[in-house]
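Visitor: Before we go through the labels, I would like each one set against its cut-off. Please start with the terms.

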Amino acid sequence: MTPTISLDNVSMVFGSGTDAVKALEDIDLAVQPGEFVSLIGPSGCGKSTMLRVIGDLISPTEGIPHVNGKSPHQARLDRDYGMVFQSATLLDWRTVLENVALPLEIMGVDRPERDATGRRMLDLVQLDGFANHYPWQLSGGMQQRVSIARALSFQPSILLMDEPFGALDEMTRERMQMELLRIWEETETTVLFVTHSIAEAVFLSTRVIVMSPRPGRIVDHIDIDLPQPRGFDTREHQRFFELITVVREALRAIENESP
């Protein structure tokens, strides 16, 4: 099976000379279609940098990234992925529906079609009654749902998510995790998800990638064998707590190895 995302010996250095900072070192990664993979590691280990390489926001110093068998640049032109960041980055002067439909407007889709698609996406994230509201009228969790709907509006096969729930309170975060799993199951999208939360990574993922301190290297792949579909009771399973311990011990091991 051809990986949806593959990184072959990817390294990333910012700056040059004495000011050079090596963010990633010799990254090899393959994400298969339909996987939900989370990246976890210490702050500054290059998780977001890796996401930006895949999303064609930056080019690696060394190595070869592929997205759907093509370069990240071509994948971006082909609209193979949507991106969701920690901040919803919505336009306050546009309605919720207009924000969701913005990618389609940029693509030149006519108004009736993009409005219809936008409404379907709002229904998918259970915000169908808020199409004519403005972002400032929504809670933080609702704004993130709008952001996810926008990222899905052009039906990408991949979602790249950079700590999308990091700024939310715990209860809202748990609800958003459930919403994301429901959307992932319905759309069969491949998800690459950056988080600092061990519990979040275990709850959401089919696999967790553990990274070392800078320069970021992949030091462990942990399969998450919790049953699907997952629900609030998943957090009470003994296996959930066991897997949290496995991920935590992997992170402790790399901390103990650090100079």
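Guide: Buried means under 20% relative accessible area, exposed means over 50%, and partly exposed lies in between, with a 1.4 Å probe and protein chains only as cover. This is a predicted model, in which local features need pLDDT of at least 70, side-chain atom pairs count only at pLDDT 80 or more, and totals for chains, interfaces and linings use all residues. Residues are numbered from 1 along each chain as its sequence is written, and side-chain values use heavy atoms, with hydrogens and water left out.

Visitor: Why is Glu105 called partly exposed?

Guide: Its relative accessibility is 35%. Partly exposed runs between the buried and exposed limits, so Glu105 counts as partly exposed.

Visitor: What makes Glu105 and Arg94 a salt bridge?

Guide: A salt bridge is a side-chain nitrogen of Lys or Arg within 4 Å of a carboxyl oxygen of Asp or Glu. For Glu105 and Arg94 the N to O distance is 2.6 Å, so the pair meets the definition. Glu105 lies in helix H4 (residues 102-106) and Arg94 in the loop between strand S5 (81-84) and helix H3 (96-100), so the bridge ties together parts 11 residues apart in sequence. Helices (H or I, at least four residues) and strands (E, at least two) are DSSP runs, numbered from the N terminus.

Visitor: Why is Arg94 called buried?

Guide: Arg94 has a relative accessible area of 14%. That is under the limit for buried, so the label applies.

Visitor: How do you know that Glu25 and Arg217 form a salt bridge?

Guide: Their N to O distance is 3.9 Å, which is within the cut-off, so the pair counts. The two are 192 residues apart: Glu25 is in strand S2, and Arg217 is in the loop between strand S8 (207-211) and strand S9 (218-223). Both count as partly exposed, because Glu25 has 23% relative accessibility and Arg217 has 37%.

Visitor: How many salt bridges does the structure hold?

Guide: The structure holds 15. One of them joins Glu179 and Arg182, with the closest N and O atoms 2.6 Å apart. Both residues lie in helix H7 (residues 170-187), three residues apart, about one turn of the helix. Glu179 is buried, because its relative accessible area is 14%. Salt bridges that share partners also join Lys22, Glu25 and Arg217 into one network.

Visitor: What makes Leu39 buried, and which residues is it in contact with?

Guide: Leu39, in strand S3 (residues 36-40), has 0% relative accessibility and therefore counts as buried. Contact means heavy atoms within 4.5 Å. Leaving aside neighbours within four places in sequence, Leu39 is in contact with Lys47, Met50, Leu192, Phe193, Val194, Thr195 and Ile209.

Visitor: Why is helix H1 called mostly covered?

Guide: In helix H1 (residues 47-54), six of its eight residues are buried. They are Lys47, Thr49, Met50, Leu51, Val53 and Ile54. Just after H1, Asp56 takes a positive phi of about 65°.

Visitor: Is Ser147 buried or exposed?

Guide: Ser147 lies in helix H6 (residues 140-152). At 2% relative accessibility, Ser147 is under the limit and so counts as buried. Not counting residues up to four places away in sequence, Ser147 touches Val84, Ala88 and Leu90.
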